[in-house]
Amino acid sequence: IWRTYAHILPRRKTPPLSFIEVSDLAQLLITAGERGRRVPPPGDKEPGTGDGYYFATNGEFPTYREFGHIAARALGRRRAIIIAPPPPIPWTMALASEAISRFRQRPVTFCRDKFYEAIVESWACSNQRACEQLAFTPTGTFADQMRRAIEWYRAEGWI
């Protein structure tokens, strides 16, 4: 049983997501600061041109379901058990979490807002502008980056 990984979905259909490794994010921020286009001052340009905005992502868009399978492999688990409870259950759990947090006077970690964030159509964004204008190249696939993150967490004793 310890060779499995349980992954709970907020709903059956999960949106595509964007991820970036922290070292890639740091490098992209430095590069954007050094040679990226600047955000135009208000009134200078037509709104929505996107100048000066760069999305930080590794360019892959796994769904939250796929994230579970990638995480399981990175953790060295044989497989991921995907659990997709009926919609009222996660929402009810979020509501209960809020009530418990208020009662204990502690910050809430899972709430209705987090539930609603989890069921949007997409959290994917394009890194095309960063790649074209700043020559950004992610350091490996999402699976590689997940493995490195897990190795770091293990080395630090967090898992």
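Analyst: For the classes of lining residues, Ala, Val, Leu, Ile, Met, Phe, Trp, Tyr, Cys and Pro count as nonpolar, Asp, Glu, Lys and Arg as charged, and the others, Gly among them, as polar. In the largest pocket, the lining comprises 13 nonpolar, no polar and 2 charged residues. This is a predicted model, in which local features need pLDDT of at least 70 and side-chain atom pairs count only at pLDDT 80 or more, while totals for chains, interfaces and linings use all residues. Residues are numbered from 1 along each chain as its sequence is written, and side-chain values use heavy atoms, with hydrogens and water left out.

User: How is a pocket found, and which residues lie nearest the centre of the largest pocket?

Analyst: Rolling a probe the size of a water molecule over the atoms shows where empty space is left. On a 1 Å grid over the protein atoms alone, a pocket is an open set of points where a 1.4 Å probe fits, with protein on both sides within 12 Å along at least five of seven lines; lining residues have an atom within 4 Å of a point. Of the 15 residues lining the largest pocket, Ile8, Pro10, Tyr64, Lys114 and Ala118 lie nearest its centre.

User: Which helix gives the most to the lining of the second largest pocket?

Analyst: Helices are DSSP runs (H or I, at least four residues), numbered from the N terminus. Helix H6 (residues 142-155) gives the most there, with 7 residues. By class, that lining holds 8 nonpolar, 1 polar and 2 charged residues, among them Phe19, Gln145 and Trp152. For the largest pocket, H4 gives the most, with 4 residues.

Key. Helix = DSSP H or I, 4+ residues; strand = E, 2+ residues; numbered from the N terminus.
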